[in-house]
Amino acid sequence: MTPANSRRCCFCTDDRHPADLLEEGHIDHLVRRAIARGLEPVTAIRMATLNPAEYFRLYDRGAIAPGRRADLVVFDSFHNLAIEAVFRGGQRVAVHGQLAPWPRSPHQPTVRSSINVAWEQVDLRVPARGSKIRVIGARAGDLRTQHLVEPAKIEDGAAVADVERDLLKLAVIERHLASGNVGKGFVRGFGLQRGALASTVAHDHHNLIVLGADDQSMMTAARAVVEMRGGMAVAEGEEVLARLALPIAGLMSDRSIERVRADLDELSRAARQLGATMPDPFMALSFLGLEVIPSLKLTDRGLVDVDRFRLVPLFI
């Protein structure tokens with residue numbers, strides 16, 4: 001592809017995932033800074049496009065040539081580098097900083113629901129198999145957890161939450177393939193006095209994770225999340241106090257950012273009303289199942305001792 005006229009220049013851009021665009025501003029800044037410091041413009045641009053494409057063996061991009069993807073940026077001059085248009089795969093996607101209209105494909109793929117729970121196999125009761133239990137110790141502002149051992153509170157032959165000692169029940173319900181897997185445990189550090197929190201944002205497996213002071217509240221919150229096709233909920237007893245729908249894979253919203261922020265604020269207020277002392281309870285909850293950060297985490301297969309990297313029983 002050739003420039004439209006001698007005053008306009010094009011160079012190729014690599015085709016990155018949106019998550020990688022966090023670094024976009026850094027690369028743009030470095031190219032501009034290198035040119036301003038005297039580096040030949042074509043060399044600076046090649047260092048940001050062709051060189052990394054070849055390094056990562058992305059041979060269909062990184063240059064303007066037959067058989068390449070035609071991912072292009074059009075700018076005014078090597079001096080100003082003012083972006084005028086962006087092309088992806090040869091199609092114009094942005095002009096002067098504004099997104100161009102993007103035609104929808106007439107062929108819409110069928111996507112399997114990402115929220116699939118076998119409710120008939122979900123039982124949050126924890127039969128007592130000893131007098132002491134492993135407890136996840138959560139701390140504000142720290143993704144690491146403690147591996148605690150505490151006396152279990154036993155009622156009617158089952159271990160239950162003990163809000164007086166800040167011991168809440170925790171469950172991870174597999175929600176992708178309706179396998180029926182349910183991991184159960186206990187956590188300290190949230191301060192909840194009643195009710196429950198549930199979410200399908202649970203790194204990195206993103207199963208349905210629910211924390212609460214009683215089973216009924218936990219089930220209410222969990223079912224509310226599933227009814228929304230994913231999201232977050234706060235419940236007490238049979239009542240849902242606040243919710244945020246995340247119907248796109250249970251992780252993203254199709255609403256405006258203002259609406260999402262308002263719903264998040266309402267979730268936080270509802271959690272505080274139930275006694276939560278964790279500054280951002282849903283953020284903390286989302287990392288309790290991340291089984292690669294020490295020391296004790298919960299998955300749908302049970303508790304994981306991350307330090308020894310193996311499953312361990314709840315009761316000792």
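Leaving out residues up to four places away in sequence, Asn207 touches Val172, Ile173, Glu174, Arg175, His176, Ser199, Thr200, Ala202 and Asp300, where contact means heavy atoms within 4.5 Å. The model is a predicted one, in which local features need pLDDT of at least 70 and side-chain atom pairs count only at pLDDT 80 or more, while totals for chains, interfaces and linings use all residues. Residues are numbered from 1 along each chain as its sequence is written, and side-chain values use heavy atoms, with hydrogens and water left out.

Asn207 sits in the loop between strand E13 (196-199) and strand E14 (208-212). Helices (H or I, at least four residues) and strands (E, at least two) are DSSP runs, numbered from the N terminus. With a relative accessible area of 3%, Asn207 is buried; the term buried means under 20% relative accessible area, exposed means over 50%, and partly exposed lies in between (1.4 Å probe, protein chains only). The side chain of Asn207 reaches the backbone nitrogen of Arg175 at 3.1 Å. This is a polar contact, that is, a pair of N or O atoms within 3.5 Å; within protein, one must be able to donate a hydrogen and the other to accept it, and residues adjacent in sequence count only if both atoms are side-chain atoms. His205 belongs to the loop between E13 and E14, and its side chain reaches the backbone nitrogen of Asn207 at 3.1 Å. Neighbours within four places in sequence aside, His205 is in contact with Val172, His176, Gly289, Glu291 and Leu298.

An open sheet is formed by 8 strands in the order E8-E7-E12-E11-E14-E13-E15-E16, with mixed pairing; two strands pair if DSSP finds at least two bridges between them. Its edge strands, E8 (142-151) and E16 (239-245), each pair on one side only. Direction ignored, neighbouring strands of this sheet are turned by 25° against each other on average. Strand E7 (residues 132-139) pairs with E8 in the antiparallel sense over 7 bridges, and Gly137 stands opposite Gln146 in E8. Two helices pack on the sheet. Helix H4 (residues 215-227) touches strand E11 (167-173), E13, E14, strand E15 (231-236) and E16, and its direction makes about 150° with that of E15. Helix H5 (residues 257-273) touches E13, E15 and E16, and its direction makes about 150° with that of E16. For these angles, axes are lines fitted to C-alpha atoms, for helices over the stretch in contact, and angles run from 0 to 180 degrees between N-to-C directions.

Within the sheet, strand E12 (residues 182-188) is mostly covered, with 5 of its 7 residues buried. E7 and E12 pair in the parallel sense over 2 bridges, and Gly137 has Arg188 as its bridge partner in E12. E11 and E12 pair in the antiparallel sense over 7 bridges; here the bridge partner of Val172 is Gly183 in E12.

The buried interior can be described through its cores. A nonpolar core is a set of buried Ala, Val, Leu, Ile, Met, Phe, Trp, Tyr and Cys residues joined through side-chain atoms within 4.5 Å. The largest has 44 residues, and those with the most contacts inside it are Ile136, Leu170, Val187, Phe190, Leu211, Leu285 and Leu288. Apart from this core lies another, of 22 residues, among them Ala171, Ile173, Ala196 and Ala198. Beyond four places in sequence, the residues that Phe190 touches include Ala138, Leu168, Leu211, Met278, Pro281, Leu285 and Leu288.

Elsewhere, helix H2 (residues 41-48) has Pro41, Ala44, Ile45 and Ala48 buried. Seen down the axis of H2, these buried residues fall within an arc of 95°, so they line one face of the helix; the arc is that of the directions from the helix axis to the C-beta atoms.

E2 runs antiparallel to strand E3 (residues 83-88), joined by 4 bridges, and Leu72 has Phe87 as its bridge partner in E3.
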